[in-house]
Amino acid sequence: MKRILILGLVLAPIVARADVKMPSLFGDNMVLQRGVNVPIWGEAAPGEKVTVKVFNQSKEATTSAGGRWMVKLDPLDVHAGTTLQINGNNEIKINNVAVGEVWLASGQSNMEWKLSSAGNAQAAIAESSDPLLRSFNVTKAVADTPQTDVKGNWQVAGPTTSGGFSAVGYFFARELRKKLNVPVGLVHSSWGGTPAEAWTSLPQLQAEADFKPMLEGWEKRIAAHPAAMEKYKNETLVKWQADADKAKAEGKPEPQKPRAPDGGVTSPHRPANLYNAMLAPLVPYAMKGAIWYQGESNAGRAYQYRKLLPAMIADWRKAWNIEKPQDFGFYIVQLANFKAEKPEPGDSDWAELREAQTLTANMPGNGQGLAIDIGEEKDIHPKNKLDVGLRLAAAALAQTYGQKIEYSGPVYSAMTKEGNKIRLKFTHAAGLTSRAPDAELIPGFAIAGEDKKWKWANAEIKGDEIIVWHNDIAAPVAVRYGWADNPKATIYNAAGFPAVPFRTDDWPGVTINNK
């Protein structure tokens, strides 16, 4: 008996390794992308035959020597719920599988922001029951090499679950549900305070010379991190504890505990760390595209962002083997207005970051939704996530799904000089109007002559054009609109979309040398 028991214990791990295993993305309530060859993959014993069945399809694969297998389903039609069956040494049944549209939602804290903390959250959550709107929240993780799985599970929208959904992602998905009338799945993978380089693969970053200083800087930070941590533990924390004990003894508020120094190999800000842990494992799950709310952490390097964001997007499309950008739409939330209004016009790193976002949004397959009019001066996390989601959805419905709807606010297209005035032309300008309290005083425009000294401009709407001037500038050469951290944004079109901030000049900005 003892010998049989021992033999059983020896064989047990072998049997366990032979079991077919699926990444966490493949679970109950999942949504599969319609209309494309859908990859289904997992692990099993080398050489093991695996069969995948759904509807009337049956696909078979043989596991590689490395223990990996994959099949690609024929394109699927819209479906509310079915079972995906995987057979190998064992059987896996994934229930309540819908077929519709799948979108990735990523970025930093404004994408991470939960529906439960958004404006009008109580009503939105109470009305959120929808068996065909689902979300998969990726658990935060870091890694210095690409991983193969994430932690998370699919949840169906409803009063007990929707509060934990990304607010922007939820409102975006809800609008697609209304307008497309198909199931919608959201794969949410974001982390507050993180820069775009953390979401980009290392090979992609290494391929661009402009990113070399950033990568070298991180190598130095990592090398210095052990010493910085020792100082933090033995000096900074010791002093803080002494100050805290003193404050407590004197009945005073305890000083805030200092943060540990960033810069270690496990930092979520380190280039590629989040790509490796929170994005690479999602590949090649079939998706229609991505929505992206990030940029605050890169505002100080806005000129670099002109290359960094397009590089990241190209990196993602390459990972998903996308040949045409239009086959993987990418929609950006332009940074909201934030911080105190400035009395005089001038330079702004946030304005330069918005410019970088707009330049990227104008590339094939990309678009954007504005938040320039719904931010909050003292809160980097504006509560109005509804309009952000609706504007992203409008862009996707028009540009990805081909619906004939307006999806953008007025976009500057050209200027002409007329004496001491400049005439501005726009696209998406039907019903051009100002929502300023005084229709005769339209704020937000600045004008300059050859001396590059900016002054607030007078502005007048003429049909779908705007004329700007300043009585003290006889020969103006450039105009800016919405060019500030927190500008006055009052120009809209008839569809209710705000004008895209712009400048007609190309004078060097404040972040041009920041790497």
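**A ring pair and its surroundings**

A: Trp350 counts as buried because its relative accessibility is 7%; buried means under 20% relative accessible area, exposed means over 50%, and partly exposed lies in between, using a 1.4 Å probe and protein chains only. The model is predicted, so local features need pLDDT of at least 70 and side-chain atom pairs count only at pLDDT 80 or more, while totals for chains, interfaces and linings use all residues. Residues are numbered from 1 along each chain as its sequence is written, and side-chain values use heavy atoms, with hydrogens and water left out.

Phe338, at 16% relative accessibility, also counts as buried. Rings of Phe, Tyr and Trp (its six-membered ring) pair if their centres lie within 6.5 Å; planes under 30 degrees apart are stacked, over 60 edge-to-face, and the rest tilted. The count by this rule is 20 aromatic pairs. One of them joins Phe338 and Trp350: the centres are 5.4 Å apart and the planes make 40°, which is tilted. This pair links distant parts of the chain, 12 residues apart: Trp350 is in helix 9 (349-361), and Phe338 is in the loop between strand 12 (329-333) and that helix. Helices (H or I, at least four residues) and strands (E, at least two) are DSSP runs numbered from the N terminus.

Elsewhere, ring pairs link Phe26, Trp41, Phe136, Trp154 and Tyr285 into a cluster.

Rings can also face a charge. The charged end of Arg306 sits over the ring of Tyr303, 4.3 Å from its centre, and Arg435 lies over the face of Tyr492, at 3.7 Å from the ring centre. The rule asks for NZ of Lys or CZ of Arg within 6 Å of the ring centre and within 35 degrees of the ring normal.
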